[in-house]
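Me: I'd like to go through this fold with you and ask what stands behind each label. Could you set the values against the definitions as we go?

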Amino acid sequence: MLEAAVDALASQNLSAEALPLDQTDLGAVEEAFETPFEIVLNSAGLARHSPAVETTPEDFDAVMNINLRSAYFLSAYAARALLKAGRRGSIIHVSSQMGHVGGVDRAVYSATKHALEGMVKSMAIEWGKSGIRINTICPTFIRTPLTEPTFANPERLAWIMEKIKLDRVGEVEDIMGAAVYLASDASAMVTGISMLIDGGWTAG
């Protein structure tokens, strides 16, 4: 998939390079961010849904490790490189509407996303004077191969459709505009915010 993305960019006469790494390997992440990147978008995430009383410590740690710990240090390493180089930049995390509400069998997942939202606000305050912006994109349920089992569950699908006011589930394309906006100078005055792409879920 990474190589396909590189090939697609190269076909547009753009320079691109794939750098596979395990985002939970903080040493590898730190090394990757020795070079400053002016735009960083983190979409790594993990969900292990279950009733809270059935959550195992192993599942809790795994979800926290990907969704929060790795996001925290990726942000810190990215910002550190920009600060050292005296450059401005935009750090974007794909969070979730579940960073603003709760959900059935989603106590651990929601905990990580609520924490991510607070983390981003604090980092925005810390790095703002240096021109480093950090924001989140908070999608509703997006149709991907990973979410198909959820959509295949009639009870879950009914719950989702009841909450989404625009009467459809999200598509990957629905997130693209937000990502381009937060990466570009069009959002030069935007930091520490959550861009909700939730079809009205969190409106009430």
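Me: Among contacts between residues at least 6 apart in sequence, what share joins residues at least 24 apart?

Reply: That share is 70%, with contact meaning heavy atoms within 4.5 Å. Before we go on: this is a predicted model, where local features need pLDDT of at least 70 and side-chain atom pairs count only at pLDDT 80 or more, while totals for chains, interfaces and linings use all residues. Residues are numbered from 1 along each chain as its sequence is written, and side-chain values use heavy atoms, with hydrogens and water left out.

Me: Why is Ser110 called buried?

Reply: Its relative accessible area is 6%, and buried means under 20%, exposed over 50%, partly exposed in between (1.4 Å probe, protein chains only). So Ser110 counts as buried. Ser110 sits in helix H4 and, neighbours within four places aside, is in contact with Met98, Val101, Gly102 and Gly103. In the protein as a whole, 39% of the 204 residues count as buried.

Me: What makes Pro154 exposed?

Reply: Pro154 has 64% relative accessibility, so it counts as exposed. Pro154 belongs to helix H6 (residues 154–163). From Ala28, Pro154 is 126 residues away in sequence and 41 Å away in space, C-alpha to C-alpha.

Me: Which class does Asp105 fall into, and which does Asp167?

Reply: Asp105, at 26%, is partly exposed, whereas Asp167, at 59%, is exposed. Asp105 lies in the loop between strand E2 (89–94) and H4, and Asp167 in the loop between H6 and H7. Asp105 has a positive phi of about 60° although it is not a glycine, and phi of Asp167 is near 65°, again positive in a residue other than glycine.

Me: What makes a set of residues a nonpolar core, and which members of the largest one touch the most others?

Reply: A core is a set of buried Ala, Val, Leu, Ile, Met, Phe, Trp, Tyr and Cys residues joined through side-chain atoms within 4.5 Å. The largest one has 20 residues, and Phe33, Val40, Ile91, Trp127, Ile132 and Ile134 touch the most other members. Two or more residues each come from helix H2 (26–32), helix H3 (57–85), H4 (107–127) and strand E3 (132–139). Apart from this core lies another of 9 residues, among them Met98, Phe151, Ile164 and Val169.

Me: What does Ile132 touch beyond four places in sequence?

Reply: Its partners include Ala79, Leu82, Leu83, Ile91, Trp127 and Thr191.

Me: How do you know that a space is a cavity and not a pocket?

Reply: On a 1 Å grid over the protein atoms alone, a cavity is a set of points where a 1.4 Å probe fits but cannot get out, while a pocket is an open set with protein on both sides within 12 Å along at least five of seven lines. Lining residues have an atom within 4 Å of a point. Grid points are joined across faces, edges and corners, and a volume is the space filled by probe spheres set on the points. The count comes to 1 cavity of 30 Å³ or more, and the largest cavity holds about 40 Å³. Its lining includes Arg48, His49, Asp105 and Tyr109, and H4 gives the largest share, 3 residues.

Me: What is the volume of the largest pocket, and which residues lie nearest its centre?

Reply: The volume is about 1400 Å³. Leu2, Glu17, Leu19, Leu41 and Ser43 lie nearest the centre, out of 30 lining residues.

How values were computed:
Helix = DSSP H or I, 4+ residues; strand = E, 2+ residues; numbered from the N terminus.
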